[in-house]
Amino acid sequence: MSFLDNVVDTMSKAAREVSDGAKSIAEKNRIRKEIATMENEIRNRFRAIGQKYYDDMCSDPDPSYAELVQGITKLKEQLAAKQKELIELDGVIACPGCNKGCEKGAKFCPACGTPIPQPAPEAPKPVQPTNCTVCNAALSPSALFCASCGTKVEPVMPGFQGEPAVPAKPAACSCCGAALSPEALFCAECGTKAPDVQ
């Protein structure tokens, strides 16, 4: 065998080894990819088993899983609260069914159709009347008693059109007609004893 034949033979042998090595690397990579896919599927199935167990047993878990189940339940509640907080910062309200954002004032969730609880209307607050309920005299905003007839000023509900308060005693002196306060024993103008005073 000549020197040239030896060189050609060595080069052919090296080329076959490189080709075999490349095939081996490609085959190894293919197998590694299949292994990674299988490992990922196993993880997904373990996750599905855990999710199914939690869904089926979260209300009455086996004692050996109770701590884990309670931890997941607590985390889910915290997550829902944070999602609701984030949604409300966006100027919308969270759907109680799917927890997605709904426009304020919407009656139903556009994503799942769940009815959206409507906020209760604010109860009207009593306001200071501008006129006395007995003699209709104008009242100052801070008045506790009417300056004209002495009737105690009671806050009224806005829009309430009730009967005027009936004073315990007549509002005017029976002798001179001057206004009497409910607590008056005698008329301040003429000194006449107020009615019902013994």
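Predicted model: local features only at pLDDT ≥ 70, side-chain atom pairs only at ≥ 80, totals over all residues.

Lys52 is exposed, with a relative accessible area of 53%.

Asp56 and Lys52 form a salt bridge. Their closest N and O atoms are 2.9 Å apart. Both residues lie in helix H1. They are 4 residues apart, about one turn of the helix.

## Arg45 and Glu41

Arg45 and Glu41 also pair in a salt bridge, at 2.8 Å from N to O. Helix H1 holds both residues, with a spacing of 4 residues, about one turn.

How exposed is Arg45? Arg45 counts as exposed, at 54% relative accessibility. Glu41 counts as partly exposed, at 36%.

Arg30 forms a salt bridge with Glu34. The closest N and O atoms are 2.7 Å apart. Helix H1 covers residues 3-57. Arg30 and Glu34 sit 4 residues apart in helix H1, so about one helical turn separates them.

Arg30 is partly exposed, at 38% relative accessibility. Glu34 is partly exposed too, with a relative accessible area of 37%. Which residues are linked in a network of salt bridges? The network links Glu27, Arg30 and Glu34.

## Whole structure

A search of the whole structure finds 5 salt bridges. Among them are Asp56 with Lys52, Arg45 with Glu41 and Arg30 with Glu34.

Terms used: Residues numbered from 1 in each chain as written. Heavy atoms only, no water. Salt bridge = Lys/Arg side-chain N within 4 Å of Asp/Glu carboxyl O. Helix = DSSP H or I, 4+ residues; strand = E, 2+ residues; numbered from the N terminus. Buried < 20%, exposed > 50% of the residue type's maximum accessible area, 1.4 Å probe, protein only.
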